[in-house]
Amino acid sequence: MLFLRQAAKILANLIVMGSSILARAFVQAYRQALANASKNGVAQEAVQNIKRASKTMTEGEARQILGVTENSSWEEIVQKYDNLFERNAKNGSFYLQSKIHRAKECLEAVYQPKEPEKK
């Protein structure tokens with residue numbers, strides 16, 4: 001009985017020590033990979049590409065999100081926006097609401113110059 005307890009303790013210690021060694025090796029490898037990427041300029045380029053891609057939405061993407069065509073009127077776009085936005089408000093998808101809102105903003109920029117200002 002005593003032998004089994006000691007064997008269990010030794011086994012538990014080996015598992016803990018082994019996992020800590022693996023964790024340290026993983027952290028060291030990750031740091032080395034980051035250092036290599038920094039030397040090559042890969043990290044900066046990747047960050048710049050992510051920033052650039054996350055800020056802009058193309059007109060095509062906006063139309064696809066709202067489900068409208070190039071021939072759609074502004075009223076139809078607003079109607080689709082309201083419908084999709086409200087449906088996602090009820091189901092609780094903040095991410096989709098954000099995409100829908102950004103799509104409307106993108107198309108507003110396209111349609112704004114075409115419509116005269118109302119005072």
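Biologist: What covers the buried residues of helix 4?
Modeller: This is a predicted model, and in it the cover over the buried residues of helix 4 includes helix 3 (59-66) and helix 5 (94-111).

Biologist: Which residues of helix 4 are the buried ones?
Modeller: They are Trp74, Ile77, Tyr81, Leu84 and Asn88. Around the axis they cover an arc of only 100°, so they lie on the same side of helix 4.

Biologist: And which exposed residues sit on the face turned away from that buried side?
Modeller: That face of helix 4 carries Glu75, Gln79 and Lys90, which are exposed.

Biologist: What follows helix 4?
Modeller: Gly92 comes after helix 4, and its phi is positive, near 80°.

Biologist: Let me switch to Gln97: is that residue buried or exposed?
Modeller: Gln97, which lies in helix 5, has a relative accessible area of 13%, and because buried means under 20%, Gln97 counts as buried. Apart from neighbours within four places in sequence, Gln97 is in contact with Phe85, Asn88 and Ala89.

Biologist: New topic, how many aromatic pairs does the structure hold?
Modeller: There are two aromatic pairs. In the pair formed by Trp74 and Tyr111, the ring centres are 5.5 Å apart and the planes are at 40°, so this pair is tilted. The pair links distant parts of the chain, since Trp74 is in helix 4 and Tyr111 is in helix 5, 37 residues apart. Trp74 counts as buried at 15% relative accessibility, and Tyr111 counts as buried at 8%.

Biologist: What sits over the ring of Tyr81?
Modeller: The charged end of Lys104 does, 4.5 Å from the centre of the Tyr81 ring.

How values were computed: Residues numbered from 1 in each chain as written. Predicted model: local features only at pLDDT ≥ 70, side-chain atom pairs only at ≥ 80, totals over all residues. Heavy atoms only, no water. Buried < 20%, exposed > 50% of the residue type's maximum accessible area, 1.4 Å probe, protein only. Helix = DSSP H or I, 4+ residues; strand = E, 2+ residues; numbered from the N terminus. Arc of directions from axis to C-beta. Contact = heavy atoms within 4.5 Å. Phe/Tyr/Trp six-rings, centres within 6.5 Å; stacked < 30°, edge-to-face > 60°. Lys NZ or Arg CZ within 6 Å of the ring centre and 35° of its normal.
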